[in-house]
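Reader: I would like a close look at one part of this model, the aromatic rings. Please go through what they pair with and what sits over them.

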Amino acid sequence: MSADALAHWERAGTLNLAALPPLAVYVHLPWCLRKCPYCDFNSHALRGELSERRYLDAVVADLEAALPLVWGRRIESVFVGGGTPTLFSPEGIDRLLGNLRARLPIAPGAEITLEANPGTFERERFRAFHDAGVTRLSVGVQSFDDEMLARIGRAHDAAQARAAVQEAREAFATFNVDLMYALPGQDLARLEADLAYALAFEPPHLSIYHLTVEPNTVFALHPPALPDEDTASAMLDRIVERTAAGGIERYEVSAFARPGHRCRHNLNYWEFGDYLGLGAGAHGKLSFAHRVLRQVRWREPAMYMERALAGAAVSSEHEVARRDLPFEFMMNALRLREGFDLQRVVQRTGLPPSAIEAVLERAVARGLLEREGSRMRPSARGFDFLSDLQQMFLPPTTAAPR
Ligand SMILES: C[S@@+](CC[C@H](N)C(=O)[O-])C[C@H]1O[C@@H](n2cnc3c(N)ncnc32)[C@H](O)[C@@H]1O
Ligand code: SF4
């Protein structure tokens with residue numbers, strides 16, 4: 001990153017951000033034991049030995065090249081995601097976090113999350129990640145039902161899932177369990193049993209995703225028979241009921257937490273905060289006084305390592321067009337049950353309130369948004385028809401009929 005490139009992003013423009021948003025760091029570790037048939041994330045089945053040292057060197061080179069863009073800014077949270085980060089050794093994660101700390105001011109008490117897979121679980125390993133500085137583990141369980149796990153092609157069984165969650169519970173003061181629902185052959189009774197298993201661990205946080213069939217996955221090519229829409233919707237109702245009864249509140253479309261255990265890193269995304277994305281295929285969003293920059297790193301791990309080590313990890317970057325900012329903000333903020341404060345739109349997009357006022361009024365009139373003072377939140381109907389609500393904020397020429 002040259003001084004010229006920095007001056008380019010800092011030059012005058014039509015947006016006015018009075019202060020820069022909180023900044024987080026995401027690090028992507030792209031390998032898995034094998035590729036799950038539903039997964040379209042940037043994850044690659046590991047062939048041969050893991051290039052742990054070279055990859056971590058590449059991430060440091062990536063960070064060093066990016067430093068001028070975030071100079072002097074404090075890091076509020078770190079998320080090490082994948083892929084399967086627990087394929088990396090605790091020593092590797094320790095080195096990674098040490099390298100971040102040596103180059104960035106990480107806030108005292110910052111949340112540092114690591115994604116873990118039950119398939120890579122060994123006793124003592126989770127504790128070693130904790131000792132390396134990880135404060136929060138996110139365990140990708142998906143289901144506690146052996147038959148469901150086999151149907152979605154997971155590399156682990158239910159016993160390994162239970163052991164991993166138990167170990168996370170013992171080693172970490174806060175942790176998350178990732179589940180999916182509307183799985184092939186799942187009915188309401190099986191979903192209930194899965195949920196009961198999860199809730200028995202009293203998790204501080206649950207992420208529960210509706211299984212979606214994504215393009216370019218094995219499931220897209222050979223679609224499994226999935227529960228119909230009415231069943232999936234009844235499942236979601238049951239999930240919201242049971243989690244609430246267990247003291248776990250739905251605060252975002254797919255995220256549920258006990259008081260004090262919301263994921264600070266993900267909240268920063270939903271509040272349209274900034275994040276530096278390091279690692280293969282990682283996305284980043286960085287604000288300047290007069291513009292918002294989005295970056296993507298080289299996606300393919302070998303290419304990423306080669307380019308990052310040569311000081312050129314970024315494969316593409318662009319300034320978010322002024323007209324696209326309202327939709328980008330709403331794609332995130334409206335996922336939150338509590339919505340957003342109007343002042344935050346101004347702070348995070350640098351746009352004046354007049355830029356969205358007319359659409360907000362239309363959304364209120366359609367019963368999709370509720371206003372309480374300066375706070376706007378999706379109504380129950382708005383939350384059910386979220387993409388309709390979000391699309392109202394598309395720039396006029398591309399917007400769906402309102
Ligand atoms: C990219 S994965 C990383 C975590 C870890 N590798 C794992 O799979 O356990 C993050 C989460 O996204 C969810 N996910 C991935 N593909 C999905 C899909 N097609 N539909 C719904 N959720 C999905 C899963 O719950 C998964 O735990
Ligand atoms: S383990 Fe997670 S990241 Fe890896 S392929 Fe499966 S769902 Fe994707």
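Author: What follows goes through the ring pairs, then the charges over rings, and ends with a ligand shell. The model is a predicted one. Across the whole structure, a search turns up 12 aromatic pairs. One of them joins tyrosine 26 and phenylalanine 79, with ring centres 6.1 Å apart and planes at 25 degrees. Planes under 30 degrees apart count as stacked, so this pair is stacked. The two partners come from distant parts of the chain, 53 residues apart. Tyrosine 26 belongs to strand E1 (residues 23-29), while phenylalanine 79 belongs to strand E4 (residues 75-82).

The cut-off for buried is under 20% relative accessible area. Tyrosine 26 has 15% relative accessibility and therefore counts as buried. Phenylalanine 79 has 7%, so this residue counts as buried too.

Rings also join into a group: Trp31, Tyr55, Phe88 and Tyr304 form a cluster linked by ring pairs.

The charged end of lysine 285 sits over the ring of phenylalanine 272, at 4.1 Å from the ring centre. Arginine 337 places its charged end over the ring of phenylalanine 383, 4.1 Å from the centre of that ring.

Definitions and conventions:
Residues are numbered from 1 along each chain as its sequence is written. Chains are lettered from A and ligands numbered from 1 in the order in which they are written. This is a predicted model: local features need pLDDT of at least 70, side-chain atom pairs count only at pLDDT 80 or more; totals for chains, interfaces and linings use all residues. Side-chain values use heavy atoms; hydrogens and water are left out. Rings of Phe, Tyr and Trp (its six-membered ring) pair if their centres lie within 6.5 Å; planes under 30 degrees apart count as stacked, over 60 as edge-to-face and the rest as tilted. Helices (H or I, at least four residues) and strands (E, at least two) are DSSP runs, numbered from the N terminus. Buried means under 20% relative accessible area, exposed over 50%, partly exposed in between (1.4 Å probe, protein chains only). A charge sits over a ring if NZ of Lys or CZ of Arg is within 6 Å of the ring centre and within 35 degrees of the ring normal.
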